[in-house]
Amino acid sequence: MSTPPRRSDAANIISNARTFFVTSSTWEKRNLLQSDRSAGLFLKVLYEYRAQGKFRLHEFVVMPDHFHILLTVGSEISLERAVQFIKGGFSFRAGKDFGIRAPVWQKGFSEVRVLDAQVYTQTREYIHNNPVKRHLAATPEQYPYSSAHPGFELDPPPRG
(Lines give C-alpha, C1' and ligand atoms only; values in the text may rest on other atoms or scores of the structure.)
Protein backbone atom coordinates (compact mmCIF):
# COMPACT_ATOMS: atom_id res chain seq x y z
CA MET A 1 0.00 0.00 0.00
CA SER A 2 1.37 3.41 -0.88
CA THR A 3 2.18 6.11 1.61
CA PRO A 4 -0.25 9.06 1.51
CA PRO A 5 1.06 12.34 0.11
CA ARG A 6 2.49 14.80 2.61
CA ARG A 7 1.95 18.51 2.21
CA SER A 8 4.01 19.87 5.06
CA ASP A 9 7.17 21.83 4.44
CA ALA A 10 10.25 21.99 6.62
CA ALA A 11 9.24 25.33 8.15
CA ASN A 12 6.14 23.71 9.68
CA ILE A 13 7.83 20.77 11.36
CA ILE A 14 8.66 22.66 14.56
CA SER A 15 7.23 26.14 15.04
CA ASN A 16 4.48 27.83 17.03
CA ALA A 17 1.15 26.09 17.56
CA ARG A 18 -0.21 24.69 14.33
CA THR A 19 -3.59 23.16 13.57
CA PHE A 20 -3.98 20.20 11.21
CA PHE A 21 -6.62 17.97 9.72
CA VAL A 22 -5.09 14.49 9.88
CA THR A 23 -6.29 11.28 8.25
CA SER A 24 -4.90 7.78 8.49
CA SER A 25 -6.23 4.42 7.36
CA THR A 26 -5.91 0.94 8.70
CA TRP A 27 -3.66 -1.56 6.94
CA GLU A 28 -5.27 -2.54 3.62
CA LYS A 29 -8.37 -0.56 4.68
CA ARG A 30 -9.47 -3.42 6.95
CA ASN A 31 -12.40 -2.64 9.26
CA LEU A 32 -10.30 -2.92 12.41
CA LEU A 33 -12.04 -0.02 14.13
CA GLN A 34 -15.65 -1.11 13.61
CA SER A 35 -16.26 -2.77 16.98
CA ASP A 36 -17.11 -0.93 20.17
CA ARG A 37 -14.05 -2.48 21.74
CA SER A 38 -11.51 -1.28 19.17
CA ALA A 39 -13.09 2.13 18.51
CA GLY A 40 -13.32 2.63 22.27
CA LEU A 41 -9.66 1.74 22.70
CA PHE A 42 -8.68 4.19 19.96
CA LEU A 43 -10.60 6.96 21.75
CA LYS A 44 -9.05 6.01 25.08
CA VAL A 45 -5.55 6.27 23.58
CA LEU A 46 -6.43 9.56 21.85
CA TYR A 47 -7.69 11.08 25.10
CA GLU A 48 -4.76 9.77 27.15
CA TYR A 49 -2.28 11.62 24.93
CA ARG A 50 -4.50 14.71 24.95
CA ALA A 51 -4.47 14.59 28.78
CA GLN A 52 -0.66 14.41 28.68
CA GLY A 53 -0.63 17.65 26.69
CA LYS A 54 0.78 16.13 23.50
CA PHE A 55 -1.83 18.04 21.45
CA ARG A 56 -5.13 19.88 21.68
CA LEU A 57 -8.04 17.89 20.27
CA HIS A 58 -10.74 19.88 18.47
CA GLU A 59 -12.69 17.28 16.47
CA PHE A 60 -12.48 13.60 15.51
CA VAL A 61 -14.27 10.67 13.94
CA VAL A 62 -13.26 7.02 14.16
CA MET A 63 -14.57 5.18 11.09
CA PRO A 64 -14.33 1.39 10.63
CA ASP A 65 -11.20 1.66 8.44
CA HIS A 66 -9.75 5.12 9.09
CA PHE A 67 -9.83 8.15 11.36
CA HIS A 68 -9.93 11.90 10.94
CA ILE A 69 -8.76 14.29 13.65
CA LEU A 70 -8.52 18.05 13.89
CA LEU A 71 -5.79 18.90 16.35
CA THR A 72 -3.30 21.56 17.31
CA VAL A 73 0.30 20.78 18.20
CA GLY A 74 2.56 23.21 20.01
CA SER A 75 6.16 24.18 19.43
CA GLU A 76 7.45 21.37 21.66
CA ILE A 77 6.27 18.55 19.40
CA SER A 78 6.08 17.85 15.68
CA LEU A 79 2.90 16.71 14.00
CA GLU A 80 4.67 13.51 13.04
CA ARG A 81 5.42 12.75 16.68
CA ALA A 82 1.83 13.48 17.77
CA VAL A 83 0.45 11.08 15.15
CA GLN A 84 3.08 8.52 16.10
CA PHE A 85 1.82 8.65 19.70
CA ILE A 86 -1.76 8.04 18.54
CA LYS A 87 -1.13 5.30 16.00
CA GLY A 88 1.70 3.64 17.90
CA GLY A 89 -0.16 3.85 21.20
CA PHE A 90 -3.21 2.21 19.69
CA SER A 91 -1.15 -0.50 17.96
CA PHE A 92 0.67 -1.34 21.18
CA ARG A 93 -2.53 -1.47 23.24
CA ALA A 94 -4.44 -3.45 20.57
CA GLY A 95 -1.64 -6.00 20.54
CA LYS A 96 -1.57 -6.21 24.31
CA ASP A 97 -5.35 -6.16 24.90
CA PHE A 98 -6.68 -7.94 21.79
CA GLY A 99 -3.73 -9.98 20.56
CA ILE A 100 -3.51 -8.15 17.24
CA ARG A 101 -0.11 -8.91 15.73
CA ALA A 102 -0.54 -7.97 12.06
CA PRO A 103 0.12 -4.41 10.90
CA VAL A 104 -2.64 -2.11 12.13
CA TRP A 105 -2.00 1.08 10.14
CA GLN A 106 -0.98 1.96 6.65
CA LYS A 107 2.38 3.73 6.55
CA GLY A 108 2.26 7.47 7.07
CA PHE A 109 -0.75 9.76 7.19
CA SER A 110 -2.08 12.72 5.29
CA GLU A 111 -2.45 16.19 6.72
CA VAL A 112 -3.76 19.56 5.70
CA ARG A 113 -2.75 22.62 7.66
CA VAL A 114 -5.74 24.63 8.82
CA LEU A 115 -4.89 28.30 8.50
CA ASP A 116 -8.19 30.14 8.96
CA ALA A 117 -11.66 29.92 10.53
CA GLN A 118 -13.40 29.11 7.25
CA VAL A 119 -11.23 26.05 6.59
CA TYR A 120 -11.63 25.02 10.24
CA THR A 121 -15.43 25.14 9.94
CA GLN A 122 -15.42 23.23 6.64
CA THR A 123 -13.13 20.57 8.10
CA ARG A 124 -15.28 20.26 11.22
CA GLU A 125 -18.37 19.71 9.08
CA TYR A 126 -16.57 17.13 6.95
CA ILE A 127 -15.51 15.19 10.06
CA HIS A 128 -19.00 15.32 11.56
CA ASN A 129 -20.73 14.25 8.33
CA ASN A 130 -18.37 11.39 7.42
CA PRO A 131 -20.45 8.69 9.22
CA VAL A 132 -23.66 10.05 7.66
CA LYS A 133 -22.14 9.97 4.19
CA ARG A 134 -21.06 6.34 4.75
CA HIS A 135 -24.58 5.45 6.06
CA LEU A 136 -23.34 4.57 9.54
CA ALA A 137 -25.73 7.05 11.20
CA ALA A 138 -28.70 9.19 10.21
CA THR A 139 -27.25 12.29 11.86
CA PRO A 140 -23.73 13.20 13.02
CA GLU A 141 -24.84 13.24 16.65
CA GLN A 142 -25.99 9.59 16.47
CA TYR A 143 -22.55 8.22 15.59
CA PRO A 144 -20.91 7.22 18.90
CA TYR A 145 -17.27 7.54 17.78
CA SER A 146 -17.38 11.16 16.72
CA SER A 147 -16.90 14.49 18.42
CA ALA A 148 -20.38 15.37 17.09
CA HIS A 149 -21.80 12.83 19.56
CA PRO A 150 -22.73 14.50 22.88
CA GLY A 151 -20.48 14.06 25.88
CA PHE A 152 -16.96 14.33 24.48
CA GLU A 153 -14.68 16.95 25.96
CA LEU A 154 -12.90 18.95 23.27
CA ASP A 155 -10.44 21.80 23.21
CA PRO A 156 -11.75 25.12 21.89
CA PRO A 157 -10.96 26.10 18.31
CA PRO A 158 -7.62 27.81 17.90
CA ARG A 159 -7.56 31.60 17.73
CA GLY A 160 -6.91 33.29 14.44
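**Salt bridges in the model**

Colleague: Does R50 count as buried or exposed?
Modeller: R50 counts as buried, at 15% relative accessibility. Keep in mind that this is a predicted model.

Colleague: Why does 15% make R50 buried?
Modeller: Because buried means under 20% relative accessible area, and R50 has 15%.

Colleague: Which residue does R50 form a salt bridge with?
Modeller: R50 pairs with E153, and their closest N and O atoms are 3.3 Å apart.

Colleague: Changing topic. How many salt bridges does the structure hold?
Modeller: There are 8.

Colleague: What does K29 pair with?
Modeller: K29 forms a salt bridge with D65, at 3.6 Å between the closest N and O atoms. K29 is in the loop between β1 (18-25) and α1 (36-51), while D65 is in the loop between β2 (56-62) and β3 (66-73), 36 residues apart.

Colleague: How accessible are K29 and D65?
Modeller: K29 is partly exposed at 37%, whereas D65 is buried with 7% relative accessible area.

Colleague: Where does R134 come in?
Modeller: R134 meets D65 in a salt bridge, 3.5 Å from N to O. R134 is in the segment after α3, 69 residues from D65. Shared partners put K29, D65 and R134 in one network.

Colleague: R134's accessibility, what is it?
Modeller: R134 has 37% relative accessibility and counts as partly exposed.

Terms used: Residues numbered from 1 in each chain as written. Predicted model: local features only at pLDDT ≥ 70, side-chain atom pairs only at ≥ 80, totals over all residues. Heavy atoms only, no water. Salt bridge = Lys/Arg side-chain N within 4 Å of Asp/Glu carboxyl O. Helix = DSSP H or I, 4+ residues; strand = E, 2+ residues; numbered from the N terminus. Buried < 20%, exposed > 50% of the residue type's maximum accessible area, 1.4 Å probe, protein only.
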